[in-house]
Structures are given as structure tokens and as C-alpha cells.
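Subject: A structure for you to look at

Hi,

Here is the structure I promised to pass on. Please open it beside this email and look up each residue as you read.

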Amino acid sequence: MIEINNLHKSYKMGANSLHVLKGLNFSIKEGELVAIMGSSGSGKSTLLNILGMLDEADSGEYTLDGVPIKNLNETKAAKYRNKFLGFIFQSFNLINYKSAMENVALPLYYQKVPRKQREEKAIKYLSQVGLKEWAHHLPNELSGGQKQRVAIARAMAAEPKVLLADEPTGALDSKTSYEVMDLIQKINDDGNTILVVTHEEDIAHMCKRIVHLKDGVIVEDKKVDQVRASQYV
Amino acid sequence: MRFILDRNTWQEIFGSISKNKIRTVITVIGVLWGIFIYIALSGAAKGMDNGFESMFEIIAKNSMFVWAQNTSMPHEGFKTGRQMQLRLGDATMIENRIPEVEFIAPRNVRGFFGSTPPSIGRGNKSGSYPLFGDFPAFTKIAPKKIYDGGRFLNDEDIAQARKVAVIGERAQRELFDKGEEPIGGYIKIDNVYFQVVGVHKFDQSGGFGGDGDIFIPFSTFRKLYNTGDEVGWFSIAAYDDADVVKVEENIINLLKNIHQVHPDDDRAFGSFNLGEQFNKIVGFANGITFLSLIVGIATILAGVIGIGNILLISVKERTKELGVRRALGATPAEVRNQIILESVFLTVIAGIMGIILGAATLALINNLTQNIDFPYTNPTVPIPYVIGALVIMVVLGTLIGLIPAQRAVSIKPIDALREE
Ligand SMILES: Nc1ncnc2c1ncn2[C@@H]1O[C@H](COP(=O)(O)OP(=O)(O)OP(=O)(O)O)[C@@H](O)[C@H]1O
Ligand SMILES: [Mg+2]
């Protein structure tokens with residue numbers, strides 16, 4: 001599903017240049033649930049943003065579902081993001097003046113799905129994250145865990161090929177974190193490919209594979225026995 | 001284009017507009033005020049314009065009067081201070097020599113300009129009325145409305161020096177009994193009986209003349225008062241496309257020539273040029289219209305710039321939101337169009353509200369000034385102005401929306417998302 005080959009990325013700051021990703025290689029198959037770990041500043045978010053086509057690598061290859069991702073203009077990148085990718089952010093990033101349902105329906109709006117269908121689908125995914133009754137509430141009427149579940153429903157609504165989650169539990173307490181991980185595991189059980197950036201050991205072990213970044217290189221890439229989050233909730 | 005007609009687009013726009021109510025209201029008020037000023041001012045100016053127009057429409061706009069005075073310079077053996085006298089022959093000369101003259105009506109009067117009024121009566125009734133000796137051409141210059149059943153003087157009256165008279169409403173009221181038919185009746189003017197052939201309607205907006213004026217044929221007047229070919233003054237109308245000031249000058253010069261007056265003698269003949277006065281007033285009204293246009297457009301511009309400013313702030317506030325939208329698949333064009341459409345929509349809504357408010361205000365003013373003696377009629381804003389205003393709104397709304405829209409897409413989504 002995802003193939004990266006010798007990926008490099010530096011940030012230029014004035015005369016200096018900060019080499020963040022120094023030749024990364026890995027391959028992720030369909031249905032995998034991968035944790036990307038590493039200390040702060042190791043380049044986890046940078047990698048995820050490149051995978052999410054929000055940013056571009058300086059060199060190296062990136063193939064998503066057999067499509068080489070190269071030299072995209074903003075319009076093309078937006079279309080790919082809309083079709084291939086779902087994002088889950090640490091700070092949820094819900095639009096505060098839209099109800100839960102409207103938030104979930106937003107990616108479908110950019111897919112030009114008619115309103116009725118959009119709303120039906122949004123309700124369907126909200127039910128899947130257990131928030132059907134909250135469909136017409138605004139984000140600030142929801143708890144942190146609920147917000148993240150809405151965000152997950154939104155990421156799922158467009159039925160993307162890959163879900164990219166940057167510290168999805170970073171803003172949540174451990175009980176709520178496990179609830180969210182339980183949800184992510186269930187979505188993965190249905191066959192969805194998911195990448196989770198985290199620096200929490202317990203969250204990482206709820207995935208099936210851990211990729212460890214240090215100073216811009218992969219120092220470890222191992223399969224793990226998945227810990228089911230459901231036992232903690 | 002499909003984008004504009006798409007219901008989804010409008011749901012997005014209504015969403016973001018209605019969720020930012022205070023911002024929306026403030027923005028709308030700015031433009032609303034501008035367009036209100038524009039409509040109210042240009043409508044008021046138009047009303048004044050109409051008022052002046054109707055004040056003058058009764059009398060030919062390019063008409064003038066010419067009369068004789070005393071010379072102020074010696075010339076060809078004549079001493080200074082010679083009293084001038086216009087004569088019937090002058091009219092023929094003017095008509096023949098000055099092609100721009102459309103009508104010329106020699107006139108005489110008793111009981112006006114200080115001359116002794118004739119004694120006019122009927123049976124034991126009598127009154128004081130100015131008496132004019134006129135040609136039919138006079139009504140071509142200053143139209144007179146004649147009541148049904150009557151007529152103004154005609155060529156036959158002149159040729160046969162008939163003893164007929166056209167009298168004013170007041171004269172009818174005072175000389176005839178209520179309900180009595182004036183046409184065909186006789187009145188006595190300086191002991192001569194005249195048959196009434198018409199009653200003219202007095203029109204205040206005409207500005208000249210009164211409701212008691214009595215008109216008799218020039219030839220009859222001449223016989224009655226033994227005035228020979230003397231003429232009190234000329235009423236003259238030039239063709240519509242003629243330069244009245246120039247025509248006036250030509251006439252005076254011709255008269256100086258005929259009457260052997262020094263070419264530089266400005267006192268020998270007096271004249272009054274209505275056309276010139278009219279043009280001055282029209283110029284004044286146009287000036288006001290123009291001024292209100294400038295003020296209105298400047299106010300609209302200020303309002304629209306206000307919209308642009310507020311949108312710019314709101315785009316900055318919404319940087320993160322727009323970043324999220326783009327992460328979810330909004331293309332730069334979609335983001336840009338949404339912001340421009342928000343701008344245009346706000347501008348046009350404000351514009352329409354301003355137009356309605358302006359029109360209502362004008363209607364109110366029109367009602368209030370209905371019975372006031374002020375040159376102000378029908379203060380409507382011409383439709384082209386309104387359409388023009390709307391077009392300006394759309395164009396300005398688009399242009400001003402371009403700035404925040406461009407700003408919104410100039411930030412990379414990754415940077416927009418990082419914004420707190
Ligand atoms: N836009 C940028 N401009 C300059 N430097 C950047 C930029 N984004 C990230 N960096 C730098 O690149 C390095 C990697 O950043 P990145 O955000 O990928 O780290 P991370 O592994 O996600 O860390 P954290 O766990 O704190 O989120 C850091 O040193 C950071 O300061
Ligand atoms: Mg990070």
C-alpha cells in the first residue's frame with residue numbers, strides 16, 4: 001500500500017539546513033496497523049506529513065497504492081488527499097462552527113457528494129464511533145475523547161485507503177486514549193491500513209508493527225503482538 | 001459557473017456567514033450605508049432636476065425677451081440718451097436675417113410694467129387686468145392652456161383686427177356669474193366691446209404671467225391705442241439646437257444696426273435670456289447629481305474596502321480551518337472561490353438592502369414635499385443607476401475578495417495546520 005525509498009527531507013532556516021529525514025525505506029501492506037515512534041524532534045510528524053502529501057520530500061520515492069507521488073501541484077495533492085487519505089490530528093481540528101455531523105460530512109462535500117447522501121454517510125460513521133446521538137452538537141459541547149472520535153469518523157467518511165494519525169491520543173487521558181485505540185483497532189480489523197505516530201510505549205504496542213525513528217533514520221522496525229485496547233475500557 | 005449554482009457551495013457560504021454573525025452584520029452595515037447614501041443622494045438630485053425641468057417645461061427653454069431702452073453713446077449724429085422704440089418691421093428683419101429664430105412674437109401691453117391699466121368691465125362688474133396685444137405665435141413660445149370650448153387668438157383675428165379677447169381665470173371669475181358661459185360673452189375694454197373667445201388656465205409653474213391676463217389681437221390693440229407699428233417687446237424662441245446666447249447677441253447686433261446705434265452701446269436694447277438661466281440651473285442640478293454620485297461611490301468603496309478588511313481578518317482567524325479543509329481535500333480554487341463568493345454575497349445583500357432603504361427614504365421625502373412649493377418632483381433613481389450600483393457591488397466584491405482569497409491559498413496547508 002505504501003512504499004518509500006531513500007526519503008530525504010531538510011528544513012532550511014536561513015543559511016542553516018536541518019536534515020530531518022536521512023534516507024528512510026519501508027513498505028506497508030494493506031491492512032497493517034503501524035506505530036511510528038521516536039523521541040521529540042526525531043522527524044515523526046515530518047514523515048507523516050510527507051506521506052499525507054501535506055509536505056514534499058527533497059528526494060527519494062513514495063508510492064501510494066501503486067501511484068507514484070511526485071511533483072504534485074496543490075490542486076492534484078488536494079484531490080489525492082481527498083481520495084486516498086484520512087487525517088487524525090492530536091488537536092482534533094474539528095471546525096468549531098459546524099456540528100459533529102457537518103464535520104464528518106465535510107470531506108464528502110469536497111468529493112461533490114450530494115447533501116442527502118453526505119448526511120446519511122456522516123450519520124453512519126458517527127454511529128460507528130458511538131456518537132449518533134451527538135450528531136447535531138457543536139464540537140465545544142463534546143469531551144476530548146468524543147471530539148477525537150468525531151475526527152476519526154470524519155477521516156473514515158471519505159473511505160480512504162490509508163488513515164494517518166499524528167498522536168491521536170496525545171491530548172487525552174489514558175482511559176480515553178484506550179477507548180480511541182480500541183476504535184482504531186476495530187477499524188483496522190475491518191481491513192483498513194492505519195499509521196499512528198506516538199511516543200507512548202503502551203499505545204505503540206496496541207499496533208501490529210513498530211517503526212522506531214532516531215535522528216532521522218529508522219533504527220528499528222519490528223512486528224509486535226497486538227495488545228487489545230478493549231481489555232482496558 | 002456550476003460552482004456558483006451548486007447548492008452545496010451556498011450551504012458552505014451560509015454556514016460560514018451565519019456562524020460569524022457579528023462580523024457579517026458589521027460588514028453589511030458598511031456597504032449598506034454606502035449604497036443608501038448613493039441611492040438617496042442621486043435620487044434627491046434627480047428629484048430636484050425633475051423639479052426644475054417641470055418648472056421650465058411650460059415655457060420654451062431657449063426663449064428670450066428683447067426690449068428697447070435709451071442709448072448710452074452718441075452715434076451717427078444722434079445724441080446720447082436717445083429713446084429707442086422697437087417696431088413691427090424689426091420682427092420681419094430678425095426672422096429674415098437670423099435663421100436660428102424659430103418664433104418671434106411682437107407684444108404690447110397696458111397695465112403692466114408701470115403703464116396705466118385699461119378700464120375693463122362687464123355690466124356693473126369691473127376689475128384691473130393687464131391687457132396684452134399679441135400674435136398667435138406667442139403661444140408657441142409660452143404655451144397657454146385654454147379651457148374646453150375656447151381658443152387662443154388666430155391669424156384671422158389679426159388680419160381683420162377682430163374685437164375678440166382671451167381672458168384669464170380670475171377675469172372670468174370676477175366678470176362672469178358663477179355657471180355663466182364666458183365664451184361668446186362680451187366684456188368692455190376702454191369702452192369698446194370685445195367678445196370672449198377663450199379662457200386660459202393659469203399655471204403657476206410657468207413663472208411669468210398671471211391669472212388675470214387678457215389677450216387681444218395685436219392689430220386690434222394697435223387700433224385701440226393708436227400705437228402704429230410700435231412694439232413693446234419681442235418674445236423670441238430659438239430652435240432647440242441653437243446656441244441661445246449667440247442668437248441673443250445676433251439679434252441685439254441686428255437691432256443696433258437697424259436703429260443706428262453704436263455697436264458698443266450695451267444700453268440701447270435690453271434682453272433677458274431664459275435659456276441661459278435655464279442652463280445655469282440645469283448645470284447646478286447636474287453638479288449636485290455628479291457630487292452625489294461621487295460621494296455615494298466613495299462611500300460604497302469605503303464599505304467594500306471594509307468588507308475586504310474584515311474578510312482579511314477572518315481569513316487570518318480561519319487559517320487553521322482553511323488548512324483543515326485543504327487536508328480534507330479542498331483545492332486552492334475551491335477555497336479561493338468560497339471566499340470570493342462570501343465577499344460578493346455579503347456585498348450584494350448589503351447593496352440590495354441599501355437600495356430598498358434608499359428607495360423607501362426617497363418615497364417618504366416625496367410624500368413630505370408633495371405640497372411644498374419647492375422644485376422637487378418624482379425623486380426616483382433611474383433603473384440604470386440601480387443596475388449600475390449592483391454591477392459595481394459584484395465587481396468590487398470580487399476584486400476585494402481576491403485579496404483575502406489569495407492570502408488564504410498562499411499559505412501551504414502544512415503551515416496552516418500548524419497555526420494555533
Ligand atoms: N517547518 C519547519 N521548519 C523548520 N524546522 C522544522 C519544521 N518542522 C519541523 N522542524 C524541525 O524538524 C525536526 C523534526 O520535527 P518533527 O515535527 O517531525 O518532530 P516529531 O518527531 O514529530 O516531534 P514531536 O514528538 O515533538 O512531535 C524538529 O527538530 C523540528 O524543529
Ligand atoms: Mg510531531
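Below is what I found, one topic at a time.

This is a predicted model, in which local features need pLDDT of at least 70, side-chain atom pairs count only at pLDDT 80 or more, and totals for chains, interfaces and linings use all residues. Residues are numbered from 1 along each chain as its sequence is written, chains are lettered from A and ligands numbered from 1 in the order in which they are written, and side-chain values use heavy atoms, with hydrogens and water left out.

**The second largest pocket**

A pocket here is an open set of points on a 1 Å grid over the protein atoms alone, where a 1.4 Å probe fits and protein lies on both sides within 12 Å along at least five of seven lines; lining residues have an atom within 4 Å of a point. The second largest pocket holds about 490 Å³ of space (the volume filled by probe spheres set on the points, which are joined across faces, edges and corners). Its lining has 21 residues, and those nearest the centre are A:Ser45, A:Asn49, A:Phe89, A:Asp166 and B:Arg418. Two or more lining residues come from each of helix 1 (44-51), strand 6 (85-88) and strand 7 (162-166) of chain A, and from helix 14 (413-418) of chain B. Helices (H or I, at least four residues) and strands (E, at least two) are DSSP runs, numbered from the N terminus. Helix 1 of chain A gives the largest share, four residues.

**Salt bridges**

A salt bridge is a side-chain nitrogen of Lys or Arg within 4 Å of a carboxyl oxygen of Asp or Glu. The whole structure has 28 of them over all chains. One involves B:Arg418, from the pocket lining: its side chain meets that of B:Asp415 at 3.3 Å, N to O. These two residues are three apart in helix 14 of chain B, about one helical turn. In another, A:Lys175 and A:Glu179 meet at 2.9 Å, N to O; both lie in helix 6 (residues 174-189) of chain A, four residues apart.

B:Glu321 is buried at 10%, and B:Arg318 is buried at 6%. Their side chains meet in a salt bridge of 3.3 Å, N to O. A:Glu179, by comparison, is partly exposed at 27%.

**A covered helix**

How many residues of helix 3 (residues 100-110) of chain A are buried? The count is 10 of its 11 residues, including A:Met101, A:Leu106 and A:Tyr110. Just after this helix, A:Lys112 takes a positive phi of about 65°.

A:Asp65 has a phi near 50° and sits in the loop between strand 4 (59-64) and strand 5 (67-68) of chain A. B:Ala161 also has a phi near 50°, and its place is the loop between helix 6 (155-159) and strand 8 (164-168) of chain B. A:Asp65 is partly exposed, at 35%, whereas B:Ala161 is buried, at 13%.

Enjoy exploring!

Technical notes: Buried < 20%, exposed > 50% of the residue type's maximum accessible area, 1.4 Å probe, protein only.
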